[in-house]
Amino acid sequence: MDYLKHFETIVKEQLERVEEMKKHKNSIDYAKLDKIIIGTVGGDGIGPAITEQASRIIEYLLKDEIKKGKVEIRVIEDLTIEKRAEVNQAIPDSVLTEIKKCHVILKGPTTTPREGDPWPNIESANVAMRKELDLFANVRPVKVPEEGIDWTFFRENTEGAYVLGSRGVNISDDIAFDFKVITTQGVERIARAAFEFAKKNGKTKVTCVTKANVVKTTDGKFLDVCKEVAKDYEDIELDDWYIDIMTAKLVDKKRRTDFQVMVLPNLYGDILTDEAAEFQGGVGTAGSANIGNEYAMFEAIHGSAPRMVKEGRDIYADPSSIIRAGAMLLGHIGYIQEGDKLLKALDICGQTEKKLTITGRDTGATSAAFADYIMETTEKL
Ligand code: IPM
Ligand code: MG
């Protein structure tokens, strides 16, 4: 491989991406659409089983809208590891075309191949979808009211260590290079999303998390651009933390309640949000919104648990994470009441009332029974 040529190619591609970002794109106004199309993508392993349950709930909550033709739910097949391996693409073209015909996507977990797996080492479907649909804001709320935790993470979702994560090079047997990219436009839009959220939700502080003392150029830019954006929001304070101490402070019960909204580069956001979700009951309880100007995708943040399927236990899989993603989707497309109701029902069914328990095996409830329980509970709200 000609490494300099490779470097030249990726630099050119990134410069083009910046030009694309510069073209000002307004975000879509769902209220103005004649029909909102929700695409559901099951994914791998337990994905199809749990996505189906979340989809049933959305269909139930929006039944009148669906009847009126205002909303359509469309099942998108084939985002499976088998198909992706067959065509050697992170997202097969045919699937991407179908996805792009929808306005929002509800997505189950997809298998991410890694070295040594029986699959070709293709890029993660999540990462590819975030890039293809330009879903730059990964919004992950974590709430533990009894502990005073109310955090919203704005993880940058399209650049950082991820954008060229599959384009690194082994220069020799001894040296490997990966690339990390941060752009002014990329930071500006995630920072603005975080500040706008803070403003709309009465928050007083946005915390920028980097390692700008060491990774000076890219993380330095991230912090600098956040500081620039902060100037437009006089009433909101920007504070600045390094990722190492931030990771520690999240377990510091006295200090962690000070944090409200966090904005951070892709990889730090990936790591910190898993840690944060753990206080709420683990990644299985968290939902994740991937938001761009044109499209948005809502997903479960746990894995595809292929072992459960092999053992015939997928009908007992916990659908909470994808249902939470569904609630975020409802709020995002303007069905705020329905989304809130669903979040409340999730808390009642999963945390407080707990008439059914999911154990992942036949000792507990099936995902379908849990979804029924959720729907019955929304009726009482
Ligand atoms: C997440 C996941 C993904 C990521 C993986 C599956 C590629 O961990 O959504 O946080 O790293 O972004
Ligand atoms: Mg992650």
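A crossing is called left-handed if the near helix is turned anticlockwise from the far one by less than a right angle, and right-handed if clockwise. This is a predicted model, in which local features need pLDDT of at least 70, side-chain atom pairs count only at pLDDT 80 or more, and totals for chains, interfaces and linings use all residues. Residues are numbered from 1 along each chain as its sequence is written, and side-chain values use heavy atoms, with hydrogens and water left out.

**Exercise 1.** Describe how helix 13 packs with helix 12 and helix 14.

*Solution.* Helices here are DSSP runs (H or I, at least four residues), numbered from the N terminus. Axes are lines fitted to C-alpha atoms over the stretch in contact, with angles from 0 to 180 degrees between N-to-C directions.

Step 1. Helix 12 (residues 320-332) and helix 13 (residues 336-352) have axes that come within 7 Å and cross at roughly 160 degrees. That makes the pair roughly antiparallel (over 145 degrees; under 35 is roughly parallel, 65 to 115 roughly perpendicular, the rest oblique). Helix 12 passes helix 13 in a left-handed crossing.

Step 2. Between helix 13 and helix 14 (residues 367-379), the axes come within 9 Å and cross at roughly 120 degrees. The two are therefore oblique to each other, and helix 13 passes helix 14 in a right-handed crossing.

**Exercise 2.** Which side chains place an N or O atom 2.8 Å from an oxygen atom of ligand 1?

*Solution.* Step 1. The residues around ligand 1 (a heavy atom within 4 Å) include Arg 130, Arg 155 and Asp 270.

Step 2. Arg 155 is one answer, and Asp 270 is another.

Definitions and conventions
Chains lettered and ligands numbered in written order. Polar contact = N/O pair within 3.5 Å; in protein donor to acceptor, adjacent residues only side chain to side chain.
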